[in-house]
Amino acid sequence: MKIGIVGLPNVGKSTMFNSITNAGAECANYPFCTIEPNVGVVAVPDERLEKLTEMYKPQKTTPAVIEFVDIAGLVKGASKGEGLGNKFLSHIREVDSIVEVVRCFEDTNIVHVDGSVDPLRDIETINLELIFADMETVDKRLDRARKNLKADKKYQFEIDTLEKIKKTLEDGKSARTLDLSDEEKEVIKDAFLLTMKPILYVANVSEDQLLDENDANVNSVKEYAKQDKAEVIKLCVKIEEELSSLDGNDKKEMLEALGLEESGLDKVIKASYDLLGLMSFLTAGEPEVRAWTIKKGTKAPQAAGKIHSDIERGFIRAEIVSYDDLMREGSMTAAKEKGLVRSEGKEYIMQDGDIVLFKFNVYYIC
């Protein structure tokens, strides 16, 4: 699963990417410093793994991971090829969701591509370019569907769906703001509309703004995000860059000094994981404690297949205890004695934090 980090030039997105991934993407005070996308694989912060590691003392601990892509800064006219528009749009088509970094801080030493700080203008610059690109895609699909309608009436449903989306786009709204049925989503799935991708807004603020709950710039981003069915995370990229260079107690002490419970980047990573509709089930033992990534709504046999296809093929049952129950009881033995370890079959829908032992049997025919 890929998450694209986007934003206007010089809003702090490459610095944020570096802080998240420690990948060393180039950062400079001029537009289009990033041309080709930088890619980094990131561990999803999960306190449960730390507790399970303390309990089982395994040989290794393996977290869930997601992939971040730092995409070139976008400018007005990108949908018509301005700046690096064509590259930007092609790269964003390849990601599964979007993290849009919005500059909310004032700093005369850092050039703004439009000459002043205005978060709503910046958001609309990017989102309108995505809308324009989607309108072009929808118009092409409509032309094709109308031609096909002459031979097959089933295309009327696709036409109706596309016209509904086109009206929303013409109103300056993203396609994600529509409440589409599963059938409507399925019929336009292969259009790969940019504004259908889930989005998370990151308000990049100064240190002084960080604990200010009434900052006008941040609040304007939050109001916009509500209409766009999106969340907002406020962070100071400058501080996050410093935090990312610290380990253990040093990082904890700095967070406490700032009055923060966790870093903004940890919040971004967790929110991005959730944005993709992902969750983790856990396996725990002396060889390894591990988080496995699955889509929400996944059934037990398909979750087993994430470990190995043979386990899915020969699935018998899953022995499951919730993380909270295990921690409360202090051991798997105690959880079993309390009847908290359940035996679940093929129709069981996995829950976030399930600790699982899969039972399976595979016969090989030679």
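Visitor: With which residue does Glu 329 form a salt bridge?

Guide: This is a predicted model. In it, the closest N and O atoms of the pair formed by Glu 329 are 3.0 Å apart, and a salt bridge requires such atoms to lie within 4 Å. The partner of Glu 329 is therefore Lys 338.

Visitor: Is Lys 338 buried or exposed?

Guide: Exposed residues have over 50% relative accessible area. Glu 329, at 21%, counts as partly exposed. Because Lys 338 has a relative accessibility of 55%, Lys 338 counts as exposed.

Visitor: Which residues are joined with Glu 329 and Lys 338 into one network?

Guide: The pair of Glu 329 and Lys 338 is itself a salt bridge. Salt bridges that share partners extend the network to two further residues, Asp 325 and Arg 328.

Visitor: How many residues apart are Arg 48 and Asp 352?

Guide: These two residues form a salt bridge, with their closest N and O atoms 3.1 Å apart. Arg 48 belongs to helix α2 (residues 47-56), whereas Asp 352 lies in the loop between β11 (342-344) and β12 (354-360). The pair thus links distant parts of the chain, and the separation is 304 residues.

Visitor: How many salt bridges does the structure hold?

Guide: Another of them pairs Glu 186 with Lys 189, the closest N and O atoms being 3.3 Å apart. For the structure, the number of salt bridges is 27.

Note on methods:
Residues are numbered from 1 along each chain as its sequence is written. This is a predicted model: local features need pLDDT of at least 70, side-chain atom pairs count only at pLDDT 80 or more; totals for chains, interfaces and linings use all residues. Side-chain values use heavy atoms; hydrogens and water are left out. A salt bridge is a side-chain nitrogen of Lys or Arg within 4 Å of a carboxyl oxygen of Asp or Glu. Helices (H or I, at least four residues) and strands (E, at least two) are DSSP runs, numbered from the N terminus. Buried means under 20% relative accessible area, exposed over 50%, partly exposed in between (1.4 Å probe, protein chains only).
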